[in-house]
There are 4 protein chains.
Amino acid sequence: MFSKLKTDKIHEECGIFGGYLKDKDIAATLKCGLLKLQHRGQDSAGISCGFDVQNVYKNLGLVNTALRDNELRKLKGSFGIAHVRYSTCGDVKEENIQPVKTTYFGEDVSLVHNGNVKQAEKIREEFEKNGEVFLSTSDSEVILKKIVSSLKKPPSKWTFEEIGECLLKYFSLGSYCILIYTPNRVFAFRDNFGYRPLMLAKSKEGFFVASEDIAFCSLSEPEIVEIKAGFGVEITKEDCQIKSFSSNKASRQCVFEHIYFANPASNIFSKNVYTTRIKLGELLAKSEENDFRADVVIPVMDSGFACALGYAQASKIPFHVGLVRNPWLERSFIQSQQELRKNNVRQKFAPIKEVILNKKVVLLDDSLVRGTTSREIVSMLKRAGAKEVHMRSSSPKIINTCFFGVDIPTKEELIAYNKTDFEIAKEIGADSIKFLPFESLSEVFEGDMWCNQCFLDEVQK
Amino acid sequence: MFSKLKTDKIHEECGIFGGYLKDKDIAATLKCGLLKLQHRGQDSAGISCGFDVQNVYKNLGLVNTALRDNELRKLKGSFGIAHVRYSTCGDVKEENIQPVKTTYFGEDVSLVHNGNVKQAEKIREEFEKNGEVFLSTSDSEVILKKIVSSLKKPPSKWTFEEIGECLLKYFSLGSYCILIYTPNRVFAFRDNFGYRPLMLAKSKEGFFVASEDIAFCSLSEPEIVEIKAGFGVEITKEDCQIKSFSSNKASRQCVFEHIYFANPASNIFSKNVYTTRIKLGELLAKSEENDFRADVVIPVMDSGFACALGYAQASKIPFHVGLVRNPWLERSFIQSQQELRKNNVRQKFAPIKEVILNKKVVLLDDSLVRGTTSREIVSMLKRAGAKEVHMRSSSPKIINTCFFGVDIPTKEELIAYNKTDFEIAKEIGADSIKFLPFESLSEVFEGDMWCNQCFLDEVQK
Amino acid sequence: MFSKLKTDKIHEECGIFGGYLKDKDIAATLKCGLLKLQHRGQDSAGISCGFDVQNVYKNLGLVNTALRDNELRKLKGSFGIAHVRYSTCGDVKEENIQPVKTTYFGEDVSLVHNGNVKQAEKIREEFEKNGEVFLSTSDSEVILKKIVSSLKKPPSKWTFEEIGECLLKYFSLGSYCILIYTPNRVFAFRDNFGYRPLMLAKSKEGFFVASEDIAFCSLSEPEIVEIKAGFGVEITKEDCQIKSFSSNKASRQCVFEHIYFANPASNIFSKNVYTTRIKLGELLAKSEENDFRADVVIPVMDSGFACALGYAQASKIPFHVGLVRNPWLERSFIQSQQELRKNNVRQKFAPIKEVILNKKVVLLDDSLVRGTTSREIVSMLKRAGAKEVHMRSSSPKIINTCFFGVDIPTKEELIAYNKTDFEIAKEIGADSIKFLPFESLSEVFEGDMWCNQCFLDEVQK
Amino acid sequence: MFSKLKTDKIHEECGIFGGYLKDKDIAATLKCGLLKLQHRGQDSAGISCGFDVQNVYKNLGLVNTALRDNELRKLKGSFGIAHVRYSTCGDVKEENIQPVKTTYFGEDVSLVHNGNVKQAEKIREEFEKNGEVFLSTSDSEVILKKIVSSLKKPPSKWTFEEIGECLLKYFSLGSYCILIYTPNRVFAFRDNFGYRPLMLAKSKEGFFVASEDIAFCSLSEPEIVEIKAGFGVEITKEDCQIKSFSSNKASRQCVFEHIYFANPASNIFSKNVYTTRIKLGELLAKSEENDFRADVVIPVMDSGFACALGYAQASKIPFHVGLVRNPWLERSFIQSQQELRKNNVRQKFAPIKEVILNKKVVLLDDSLVRGTTSREIVSMLKRAGAKEVHMRSSSPKIINTCFFGVDIPTKEELIAYNKTDFEIAKEIGADSIKFLPFESLSEVFEGDMWCNQCFLDEVQK
């Protein structure tokens, strides 16, 4: 459950994992970490591992398809970084699979990143004007090139400070996390504003960094801390060291990591994701009119599950799975995914008539983006005999696109943009629709540490 | 959700789908049907389709891996049968993938079956004594051979009655469903006792048979009926015809189809599976001591979900997902599955501490077979801070192996065999354990139409 | 050089190899033997090896593609049989790849054969009338079935005599060689008339049988003998034993094995193939008119090479390679072969102008079947500037189809059938044409041991 | 025949093909050209084709394996360049497969090259010092980078002159040919000294460039010219234009292209390769002592074939193929090639005893490098019964390594370095050895246009 792959959903980009595994080859551990972060990207997977010399193994497809165990067994070395990729339509190209690796002054260096490296396009253009070429369209190559051209010395000579300051100087506005693997060292950096999560674990097995702490759940008694915005980590054989590279006090943690993107078992931005979603559902229930009554609360699986449960428990309306999702449909490898884009809701979901027939249904999803899926699901419920369908969204209306790494379409494509609730409900065929009031968000995401720009018509400065 | 692939769980064998698609090539429809029945078998998939001439396309792996869309597009013809296979350990061989096809007197005939063809082994031996050879170890070859050697004429000359009587005569004791595809006709037969479900759908698109009606959910307004025990169906271009081949009045529908195996959205044996599971959970809750109280009900995902919800609703104890299952781990293709057998619970499940910490937890699963998974999950919950863990099973104690197609190990391997509740709880590390009282079963599975032999120490005659 | 794959050439079917390798796993040796027999079949390759238990590994494609070294390493056992297949158009199906294997009374038995099993079709029909089915269209299944249904006991109980007599009784008219592998024994049988070659080698490495002795050339000092017509061999761990199963005195060794099919380095039917071809070329030269003069003798590569050299040496006309063949074109794997059927001579051959320009050319090929290739090559030579092109064939006119395993088309398709030399020359655009006089054949293939029926309008009785 | 893949042979690097195909998609034509140049490289193959937008399709393996027809069909566009690669041991990496492509100022540009780009390593180091990174170890990336960094404008704005002058300026000492594909134009450049051949063809089908003219042999009546040393070609939709970029008068055409590397049917450096080899054999025969007599001349197939024939014809000693080479062994795809490195001569060649037994044999090869193969072949002939084996090389002694693209090992590994004929003969077990006298070379390679440095102990200035 809780998997992601919806066509008309917002998406964030990629998951990263890396570190040092004491006295063992890290390749299998990297794969294991990526499997736990697979929900952050299903298009390709790759690792770079070794000691001094680095081997890259990467392919299109899901982790299990892309990284075959019999190949992993051949890869030696205790240091490594790894990546799963969600790619926006059209750039599922082999040349863009991460990690990107180069050999510079005879030494290997690899890099992976997730998120949105704001200045990358501009820096790429500057490089081009200067006569430099790129072999991929990935921002990873831009970041790596910028570091190399700034430091101009063998990777083994790069210091933690130099790399951190270089990133701060050139990529200060991005919303990203970056892992860099130089001979016998792994570095991790979180952007200045902390849009994306980055976690560190120390355990007797070694030192590890990951997009979400769920990636650490096979470690024995790990000590887990969150790398703060503007901070970096240096991992060596002996130790791991955390350092701040920014005087920035503000941070803008992405609320959508909690609402939709992260694994419910993860704890990021100092909160458990599942619990957050339950609470959002409860707040949504509390925002209902006093006299609103319904027969059953049904989640849009899997992303609407936790908020629906929270809503049901707060409203005392019975909770049921009224739509069974076919788990096999979306988890084949990449070629098939392309074909599945065309598969409609009728293929993905099967209604349970007994749960729906003649019922006044509250249908819960975590958010509405384009509204396409919602319209089809409402229609499916009506065909299955629902008396009424009341759509509910555990996030406020999304009325602005995202500039920080979440794949939200243009305003015009957003179903909630410039429409009243009544208009939206009509468009999706529901008997009513409600969104979580924007004000309620602050009961969950307290303080001023959060980025909620997609709910605002104007961009924050 | 609701997927199946547990190592120490009982398994039933295979899913089947077939029929006639008016005016179109059926290959894509066969794949689509198999995708909906994938939970019944993940080891291999295959189809046979055409009109007179039949093409077989089959491979190891999940449906999406085994049956590639670009190959399917080449396969012409409106008639066809299809199969997904669950194979007991060791016989994942290419030669055993269904359908099995032969050309007899110059005409093609294909066959698929699920379940347990009781007399197959004996008939195979008789054939061998008579000097006949088999190229596979699949029972499908035995059934096909027996029909051929009985009818001794071209498949297009076989009548509905002849095939049905032949199956009745030689395979009367089995627990199976069989699809046979002869030139421009598809036949379906359900065994005498009706152990396994078999559904028929008529719609404007054509005539179809399937193990479960969920396979029909992409059809437009299908008219769905259950093929009764001992009945068969003949599908031609013009019509489909149902006929009885047995005077047997008794039937023994497998309760485990409802408890564990079938898709919750399916309606088989005249019942909805999800609703049945909810009710089993409610009955289990009612069987608790009056003073039993707990803080949270947690399902073992995915099979324990519905009964846990029913239990929670009946007992008024809050329901929560306390263990998130990694949906990516188990759904790669076949080679990886082999490797995953070794993966332990720690890889499959991630606990949500906020839900568990200092709580008295009721842990719900649909059944306990070997108990291995249960032991590891209880231990995981305790490590995550659960104060107490009370294991509950929505089925009675399994104390007998299954002779009718469910993959239950020998009595000695069953954790509940010859043990008290106290002993079982101790073995899995739980603070208590309860099973659904055997008597409660009859409140759900009313009448004498059911096979519940696995809960009885003696075999029914 | 000397490879075969021409579209309009006659073809014989398949190569076989098998035996016992002392104290080692035989799988790699089987592959090595098949590589040496690859010229006898390029469509698929397969092996069966083990001791008691037999493992079959087979695939479409060339040996190196079909049998991967990393898979072979997993296959244990010292006994084995192997097969490369040439399949007549249309039956390149997976189900027809040899070896065919069955498990009978719990014991494994495998079989491969080459050539033409005359009575197979009739026996197949009898089986069918009797109600037995076949899973492939391969004659191997028929032979295996016939042996099994005759002997009706476990393969380990079959005696050398029983198998030999069974083959003699039911398949007396065929032109084939058969290898049968039962637990810890390998049998080889050559048909009554000895159409196809079968060689036996004893060396310190073990005992081996093969279609041609070139397959033994990696053995150290092998003692090689030819298995005579109607004889069989039994190979066990201890020894190999030869036995006669036929009182037939006549034999009909296929002259085309020497003219075209076998490897020039092979010694079959008590003759070296290369030397035979040289002699055929010499005889052809001697049959020329006294005053015939030309500037250069050019072979159609590779099959016309040796006879062209013999012709040149006897006629004192300079020998040159005037057409270079592209060795890469035809040796990809099976899918591409299909596509290459369309590739014309212009793709396959490149003329060397310096050799041809303004020359009176004698163009030598081993035989003319349909004449398509000859026509295109003559035209290519003329375009490259040849003054005259005189076509010569080192075999007599082929005017009859073959009933014994060589893939010769119907009489009507044969270019030489019912045509004068003048008509044939005109059809292919040559300035003249000559075939080896039929009488000259007997100077090479002395005695009455030979099948030369394809050069005769009437079939021998 | 005439294929190349010997382990201890000298090798030159790569074959290139490209151009413009009028009104059709060029992809299939590119593959067809590469098939004809396959002898120049078997490790990988790749193409880039399109109009403005360029698609790269490249893979490890032989052309037929690397470039599948069903993929080629999808590639649109009339312009393109293509490459087959021979890689020195160890760098068979995916990242080094050509073409290399980049997108610069939003426009695509691709490049392939063969030969040895002398200054590449130094330029790479300069780039690195300057802080620029490389994603491959291929010189193609260096050349492309150098052009881009010199011209600093969109590829469509690059002029023929600018590119040519840039190459002249930075890569004046190399021995290479380069193809560059910018939007709707293809450029070809041959190095200053003309070490490697480069041919141009105009035909009604379009304009094409290739390493050897054999690649044009499917064109209808092509007009073929050799691009001279220091010249370039620009191909557009309308026309092709040749231009000189160098005032260099000297040229140093590699004699080994004729002796060993090129296809015998090719005409390069204004000579036919086959005829040259025949003449080398004749000169070698003439250099023999007057009283030298032998029974048979045998070539080391395939590279020794033509010189052996020339030798035999001049010396009146009979010519025969005494060693049949297995054509199937070496032409599988890349993984297997690795494994075949270990296969010894006994697997590759089969002796024909009838030709050898009790004979005084002259064994002809085109050259001796390390001498490993020669030693094993001499030994094989002796075991097969040769009375004497006299080794002859149609090239002079190789006593110097090559700095211009031919894969010759270090002096110390060369069998002829610092050894007398007697010592060499002894080392390979031959009864005598002779090399073509260095002086005789000038009878074939007249004038001062040739590079023969590998036969000289000192490097030419």
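Reader: Into which domains is chain A divided?
Author: Chain A has domain 1 (15-251) and domain 2 (256-455), with bounds that come from an automatic or database domain assignment. Their centres, taken over C-alpha atoms, are separated by 32 Å. Before we go on, a word on the source: this is a predicted model, in which local features need pLDDT of at least 70 and side-chain atom pairs count only at pLDDT 80 or more, while totals for chains, interfaces and linings use all residues. Residues are numbered from 1 along each chain as its sequence is written, chains are lettered from A and ligands numbered from 1 in the order in which they are written, and side-chain values use heavy atoms, with hydrogens and water left out.

Reader: How many residues does the contact take from domain 1 and from domain 2 of chain A?
Author: Contact means heavy atoms within 4.5 Å. By that rule, domain 1 of chain A gives 27 residues and domain 2 of chain A gives 25 residues.

Reader: How is the size of an interface given?
Author: Often as the accessible area lost when the parts come together. Here buried area is the accessible area (1.4 Å probe) that two parts lose on being put together, summed over both. For domain 1 and domain 2 of chain A, about 2,100 Å² is buried between them, with 52% of it on carbon and sulfur atoms. On the domain 1 side, A:Y195, A:R196 and A:S251 supply 22% of the area buried against domain 2, more than any other three residues.

Reader: How many salt bridges and polar contacts are there between these two domains?
Author: A salt bridge is a side-chain nitrogen of Lys or Arg within 4 Å of a carboxyl oxygen of Asp or Glu. The count between domain 1 and domain 2 of chain A is 2 salt bridges. The side chains of A:R40 and A:E257 also meet in a salt bridge, at 2.9 Å from N to O. A polar contact is a pair of N or O atoms within 3.5 Å; within protein, one must be able to donate a hydrogen and the other to accept it, and residues adjacent in sequence count only if both atoms are side-chain atoms. That rule finds 8 residue pairs across the interface of the two domains (both at pLDDT 80 or more).

Reader: And how do I read a contact between chains, such as chain D with chain A?
Author: Chain D and chain A each put 20 residues into the contact, and they bury about 1,900 Å² between them, 56% of it on carbon and sulfur atoms. In chain D, the residues that lose the most area to chain A are D:E128, D:V133 and D:L135, together 32% of what that side buries. Between these chains the count is 0 salt bridges, but 10 residue pairs are in polar contact (both at pLDDT 80 or more).

Reader: Which element gives the most to the side of chain D that touches chain A?
Author: That is β5(D), with 5 residues. Helices (H or I, at least four residues) and strands (E, at least two) are DSSP runs, numbered from the N terminus. On this side, β5 (100-104), α4 (120-129) and α5 (139-151) of chain D each supply at least two residues.

Reader: How are two copies of a chain related?
Author: By a rotation about an axis and a shift along it. Copies are superposed by least squares on the C-alpha atoms of residues with pLDDT of at least 70 in both. A rotation of 180° with 0.1 Å of shift along its axis superposes chain D on chain A (RMSD 0.0 Å). The two copies are therefore related as by a two-fold rotation axis. The same surface serves both, as 100% of the contact residues of chain D recur in chain A.

Reader: Which chains do not touch?
Author: Chain B and chain D do not touch, their nearest C-alpha atoms being 12 Å apart. No contact joins chain A and chain C either, and their closest C-alpha atoms lie 12 Å apart.
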